Amino acid sequence: MTTPRSEFLHGVRDELPILIGTVPFGLIYGVFALSAGIPPLIAQAMSCIVFAGSAQFVIAQLVAVGTPALIVILTAFIINIRHLLYSASLAPFTGRLSRLWKWLLAYLLTDEAYAMAISRYQKAQDEGPAHWYFLGAGLALWTCWQLSTAAGIFLGGQIPASWSLDFALPLTFIALVVPALKDRSSTAAALSAALIALLAFALPLKLGIAVAALSGIAVGLALEIKWIKRA
Amino acid sequence: MSSLWLWITIVVVGLLTFGIRLSFLAFLGKKQVAPLLQQALRFVPVAVLSALIAPALLIPNGTLALSFTNSRLLAGLLAILVAWRTKNVLLTIALGMACLLILQAFLPAH
């Protein structure tokens with residue numbers, strides 16, 4: 001029997017391993033934002049208002065080199081446009097929720113919360129209280145992100161770079177991607193995205209990542225359609 | 001950038017990000033997403049994350065480092081193997097980090 005309470009706690013529990021990768025990322029963001037010349041209060045407010053790790057890193061970096069506000073805003077927008085696809089992917093499952101729920105879940109819709117929520121929805125026989133699972137996973141990540149960026153801001157430059165804690169982030173991504181490669185079209189999508197990310201690395205505004213991701217999606221989709229037709 | 005412009009920047013980025021995240025949830029919640037888009041969405045996490053992983057392993061310092069002295073590449077390959085065999089997030093991160101730190105202690109600085 002699933003209740004809102006058990007779903008919420010299940011979401012929190014499933015998010016915990018992901019938090020191991022989030023803590024160092026948050027710490028480094030805090031340290032990095034201060035070194036970019038962002039005042040502590042604004043650095044923490046960014047975690048609360050923007051709440052998107054990779055965009056926050058890029059904003060800090062652009063501020064450090066004196067980029068005008070408009071370019072910073074445009075670049076952050078490009079990096080966060082991927083959330084449009086997360087939103088579309090979850091929409092079929094959240095249609096019956098109230099406006100307040102939709103606003104709350106939208107605010108919490110990060111890469112990490114999306115990954116947990118979509119796998120829960122895809123497994124669910126009955127959607128029932130699955131939005132409580134999403135809320136649990138999202139709030140666990142939110143709390144962890146606020147606390148770890150606050151700790152990073154507090155610690156300042158205390159963490160030696162030789163610890164290479166930033167590497168925990170790509171490792172987290174690996175842990176999420178590899179088990180998801182269940183068929184040939186997913187694997188082809190991942191490999192082509194990776195290859196094009198390397199080839200397009202020099203493009204400005206972090207555009208290489210967007211180009212690579214879109215190419216990977218196109219390759220996966222094209223192969224799937226081709227294989228379905230042949231079958 | 002002055003503090004005022006920093007505040008304006010993060011508030012605008014925050015609103016844009018929230019708007020992007022809310023878009024389909026709020027306005028198309030009851031509509032069905034087109035089947036082709038639905039099919040394409042399945043590949044989004046895998047493609048985006050792979051596009052972030054590859055440069056982190058192979059372009060650690062801004063230039064392509066396809067060699068056995070690239071400790072991030074070796075640690076990443078081990079992590080891929082661990083993730084494939086165990087599907088365990090925590091173990092993947094722990095062994096990947098341990099491998100990186102050990103390699104960094106023994107490989108020449110780069």
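Guide: Start with A:Phe51. This residue counts as buried, because it has 22 C-beta neighbours inside 10 Å. The term has cut-offs: a residue is buried if 20 or more other C-beta atoms lie within 10 Å of its own, exposed if 12 or fewer, and partly exposed in between, with C-beta atoms placed from the backbone.

A word on the source. This is a predicted model, in which local features need pLDDT of at least 70, side-chain atom pairs count only at pLDDT 80 or more, and totals for chains, interfaces and linings use all residues. Residues are numbered from 1 along each chain as its sequence is written, while chains are lettered from A and ligands numbered from 1 in the order in which they are written.

Back to A:Phe51. It is found in the loop between α2 (40-49) and α3 (53-64) of chain A. Helices (H or I, at least four residues) and strands (E, at least two) are DSSP runs, numbered from the N terminus. The phi of A:Phe51 is near 50°, a positive value in a residue other than glycine. Most residues other than glycine have a negative phi.

B:Lys87 counts as partly exposed, because it has 13 C-beta neighbours inside 10 Å.

Now step back to the chains. Chain A has 11 helices and zero strands. Of its 231 residues, 48% are buried. Chain B has five helices and zero strands. Of its 110 residues, 41% count as buried.

Contacts come next. Two residues are in contact if their C-beta atoms, placed from the backbone, lie within 7 Å. In chain A, 75% of the contacts with a separation of 6 or more join residues 24 or more positions apart. In chain B, 34% of the contacts between residues at least 6 apart join residues at least 24 apart.

The chains also touch each other. The contact takes 72 residues from chain A and 65 residues from chain B. On the chain B side, α1, α2 (35-41), α3 (44-58), α4 (71-86) and α5 (89-106) each supply at least two residues. The most come from α1(B), with 21 residues. That side of chain B divides into 48 nonpolar, 13 polar and four charged residues. Here Ala, Val, Leu, Ile, Met, Phe, Trp, Tyr, Cys and Pro count as nonpolar, Asp, Glu, Lys and Arg as charged, and the others, Gly among them, as polar.

Look at A:Pro170, in helix α9 (residues 168-177) of chain A. It is buried, with 24 other C-beta atoms within 10 Å. Leaving aside neighbours within four places in sequence, A:Pro170 is in contact with B:Leu52, B:Ile53, B:Ala56, B:Leu57 and B:Gly76.

Helix α6 (residues 99-107) of chain A has A:Lys102, A:Leu105 and A:Ala106 buried. Seen down the axis of α6(A), these fall within an arc of 105°, so they line one face of the helix. The arc is that of the directions from the helix axis to the C-beta atoms. They pack against α5 (82-94) and α8 (130-155) of chain A, together with α1 (3-27) of chain B.

Finish with A:Ile59. Leaving aside neighbours within four places in sequence, A:Ile59 is in contact with A:Met46, A:Val72, A:Ala76 and B:Val13.
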